[in-house]
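Please keep the structure in view while reading.

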Amino acid sequence: MNVMNTLRSAVRGRVLLPGDAGFDTARRPWNLAVEQPVSAVVEAADAGDVAALVRHARSAGLGVAVQPNGHGASGRAAGTILLRTGRLDTVEIDAAARRARVGAGVPSGRLQAAAAAYGLTGLPGSSPVVSVAGVALGGGLSWFGRAHGWVADAVTAFDVVDAEGRERHVTAGSDPDLFWALRGGGGDFAVVTALELALHPAPRLFGGRVLWQAEHAPAVMDAFRLITAAAPEELTVWLDLLHFPGADPMVAVDATYLGGEDAARDLLAPLDRLARPISDSRRVMAVSELGGITAEPTDPSPGLSRAELLTGLDDAAAKTLLADPIAPLLSVQVRHLGGAFARPSDTPHGPLTEPYALYLFGIPADPRTAEAVAARQRELAESLPVSGRKPFTFLSPAETAADVFGPAALARLRAVKQRHDPHNVFRSNFPVGG
């Protein structure tokens with residue numbers, strides 16, 4: 001019996017090998033443009049099962065790649081055992097302490113729904129289907145990051161399985177270097193089976209999307225820049241240039257405000273002085289409804305993305321963004337950062353001092369389209385004031401951890417990797433070694 005077949009007796013969760021019914025679906029990453037030729041897929045039953053798998057893999061000299069549901073896959077998992085942690089899905093809320101404990105497979109939307117019952121919120125991004133653990137391991141940009149910083153800043157403890165297959169509880173006090181690395185350094189150091197994080201009060205929330213025809217983009221851009229120039233930390237505003245197949249180009253502004261409707265409408269008043277929009281979904285909402293603002297796809301699909309951090313959005317940059325149609329891109333998004341993002345942060349990335357993030361997305365329908373998408377992304381990025389750093393969770397498959405971290409942080413991450421996983425049992429989407 002070969003090593004892969006012995007997996008079935010080593011763990012209690014489902015094991016799928018090449019040739020098994022359902023294997024190809026189980027190994028599929030979220031981004032269908034990424035190939036993921038793994039040697040096996042294991043859907044762990046619980047943390048003990050994760051530990052058993054790691055011990056088995058270590059003894060057999062095999063690598064383990066961890067993905068709750070495949071977000072962030074980079075194609076670097078070839079030949080590994082792909083560990084799915086979706087069944088580690090418990091959510092516990094301590095409302096009095098404003099704390100949550102969530103399993104590694106818990107999606108952001110589930111945490112939000114649980115916290116909303118107590119007037120609390122986590123730090124969700126634009127999609128409710130990405131895992132809380134995956135976002136935190138990559139630092140994490142949230143709707144509420146201007147008020148509360150990186151998602152990783154909110155994490156107070158990790159439950160992990162280390163490279164020797166031992167279950168451990170990691171805090172800043174128990175293992176400061178590993179704790180630091182896990183809060184934004186990626187999944188290269190241990191398998192996270194659960195994490196504890198701070199929640200924040202959110203008794204009131206106002207948000208939504210305003211959508212116009214693309215001819216109004218210059219005026220919308222002016223309003224966006226005016227609003228973000230003086231926005232309080234409770235207000236987050238994103239600008240989206242959109243061109244969906246079969247539809248005319250459009251421009252949108254997405255916003256959330258941690259506060260009441262009257263104050264939000266006052267802050268967003270420049271939008272109401274523009275031309276009549278196609279639609280306006282702004283309203284009082286629950287924190288569990290945030291995913292509806294951008295309505296991102298909730299099923300796997302192919303995509304090519306590129307992200308940059310902008311050092312500014314002056315007249316020249318605004319003009320560049322609007323000078324030509326975005327096609328063949330589907331979307332060009334500019335996220336306002338600043339606020340708590342720019343304050344000191346004991347995470348590998350540290351303070352996020354750039355005031356805006358740029359996210360460029362297209363669909364590689366065929367090789368020729370893929371080349372055109374990449375060329376348009378490159379053209380825009382090279383003509384804008386970019387800092388050269390990237391948010392970890394926005395990395396594209398061709399990029400590496402060196403595109404995220406400064407030399408000192410990267411060296412420290414590599415030292416943590418060498419100390420805790422010298423045999424490279426864990427193969428993250430973006431390993432710190434390159």
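Rings of Phe, Tyr and Trp count as a pair if their centres lie within 6.5 Å. In this predicted model, Phe-392, Phe-405 and Phe-430 belong to one aromatic cluster.

The structure contains seven aromatic pairs. One of them joins Phe-158 to Phe-179 in an edge-to-face arrangement, with 5.9 Å from centre to centre and 65 degrees between the planes. This pair connects distant parts of the chain: Phe-158 belongs to strand β8 (residues 155-161) and Phe-179 to helix α7 (residues 176-182), and the two are 21 residues apart. As for accessibility, Phe-158 has a relative accessible area of 1% and is therefore buried. Phe-179, at 7%, is buried as well.

A further pair is formed by Phe-224 and Tyr-356, whose ring centres are 6.0 Å apart; because their planes meet at 50 degrees, the pair is classed as tilted. Phe-224 is found in helix α8 (residues 217-229) and Tyr-356 in strand β19 (residues 356-362), so this pair ties together parts of the chain that are 132 residues apart in sequence. Phe-224 and Tyr-356 are both buried.

Aromatic rings also meet charged side chains. Arg-335 is placed over the face of Trp-238, 3.8 Å from the ring centre. Arg-412 lies over the face of Trp-180, at 3.9 Å from the ring centre.

Attention now turns to the sheet. Four strands make up an open sheet of mixed pairing, in the order β1-β2-β4-β3. Why is one side of β1 and of β3 left without a neighbour in the sheet? β1 (14-16) and β3 (64-66) stand at the edges, and each has a single partner strand, so one side of each remains without a neighbour. On average, neighbouring strands of this sheet are turned by 20 degrees against each other, direction ignored.

The pairing of β3 can be followed in detail. β3 and strand β4 (residues 81-84) run parallel and are joined by three bridges. Within these strands, Val-66 stands opposite Leu-83 of β4. Helix α3 (residues 47-60) packs on the sheet, where α3 touches β2 (40-43), β3 and β4. The direction of helix α3 makes about 170 degrees with that of β4.

Notes:
Residues numbered from 1 in each chain as written. Predicted model: local features only at pLDDT ≥ 70, side-chain atom pairs only at ≥ 80, totals over all residues. Heavy atoms only, no water. Phe/Tyr/Trp six-rings, centres within 6.5 Å; stacked < 30°, edge-to-face > 60°. Buried < 20%, exposed > 50% of the residue type's maximum accessible area, 1.4 Å probe, protein only. Lys NZ or Arg CZ within 6 Å of the ring centre and 35° of its normal. Pairing = 2+ DSSP bridges. Axes fitted to C-alpha atoms, helices over the stretch in contact; angles between N-to-C directions. Contact = heavy atoms within 4.5 Å.
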